Amino acid sequence: DFLTRTPESFFTAIAGLNMLSSDAVNDVAVGVCNFLLKKKSLSLNELIDRSGRKSNAFNGDMQQDEVAKDKLRQAINALTFLFRDAIRTKSSVEVFSETVKKPSCLSKQHCAVLAEVWNKYFSYLSSEDMVASILSSGKLVDLDWKLCFSTESSFCSKLNHPYVVLLLHVQEPCGQARSYSAS
């Protein structure tokens with residue numbers, strides 16, 4: 001069922017859309033749909049900057065602007081989850097519209113905007129090829145790790161802390177191999 005298993009912070013994150021105008025919510029939702037369709041669209045940072053400026057969510061105070069950008073980032077992640085879950089459950093436009101209205105964290109106007117975007121992209125996102133592409137994830141082929149200890153760096157003169165470096169080798173659904181590292 002659509003939106004029955006949401007991440008813990010989903011509703012808090014999606015409520016971050018309320019700081020945006022309806023036009024900006026539309027831009028963000030369309031950007032997420034285009035991302036899912038793997039169409040060339042704005043980068044995450046460009047989408048955040050554009051929608052934040054469009055809604056006057058940024059006031060020039062760097063600290064407050066970073067908080068606003070973080071809320072927008074969380075909202076975009078929540079929208080990505082929302083649309084992917086609608087795809088996973090093959091939610092019709094009617095089911096999507098009714099389900100999005102249930103949580104009271106979004107304004108009615110924003111719910112209508114999201115339903116309108118889903119209506120526009122539903123046929124593209126729900127095709128068999130797209131469903132397989134959107135819902136599939138890569139396969140972990142290999143995992144390398146190492147435990148390191150650093151005494152200093154160019155950023156900090158006294159580190160003296162151990163750290164772990166992970167290197168993930170993933171085979172994407174298209175067959176291409178990629179490596180990701182984290183430390």
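This is a predicted model: local features need pLDDT of at least 70, side-chain atom pairs count only at pLDDT 80 or more; totals for chains, interfaces and linings use all residues.
I next looked at how the strands are arranged. I found an open sheet of three strands, in the order β1-β2-β3, and the pairing is antiparallel. I noted β1, residues 139–150, and β3, residues 177–182, as the edge strands, since each of these pairs on one side only. From one strand to the next I read an average twist of 15 degrees.

I then went back to the strands β2 and β3. Strand β2 covers residues 161–171, and I counted six bridges in its antiparallel pairing with β3.

**Entry: two helices**

I turned to helix α2, residues 22–36, and helix α3, residues 44–54. Their packing angle is about 165 degrees, and I read 8 Å between the axes. How do α2 and α3 run, roughly parallel or roughly antiparallel to each other? An angle over 145 degrees counts as roughly antiparallel, and α2 and α3 are therefore roughly antiparallel to each other. I recorded the crossing of α2 past α3 as right-handed.

**Entry: the contact of α2 with α3**

I listed the residues where the two helices meet. On the α2 side I have D23, A24, D27, V28 and G31. On the α3 side I have L47, R50, S51 and K54. I sorted the residues of this contact by kind and got three nonpolar, two polar and four charged.

Conventions. Residues are numbered from 1 along each chain as its sequence is written. Side-chain values use heavy atoms; hydrogens and water are left out. Axes are lines fitted to C-alpha atoms, for helices over the stretch in contact, and angles run from 0 to 180 degrees between N-to-C directions. Helices (H or I, at least four residues) and strands (E, at least two) are DSSP runs, numbered from the N terminus. Angles under 35 degrees count as roughly parallel, over 145 as roughly antiparallel, 65 to 115 as roughly perpendicular and the rest as oblique. A crossing is left-handed if the near helix is turned anticlockwise from the far one by less than a right angle, and right-handed if clockwise. Contact means heavy atoms within 4.5 Å. Ala, Val, Leu, Ile, Met, Phe, Trp, Tyr, Cys and Pro count as nonpolar, Asp, Glu, Lys and Arg as charged, and the others, Gly among them, as polar. Two strands pair if DSSP finds at least two bridges between them.
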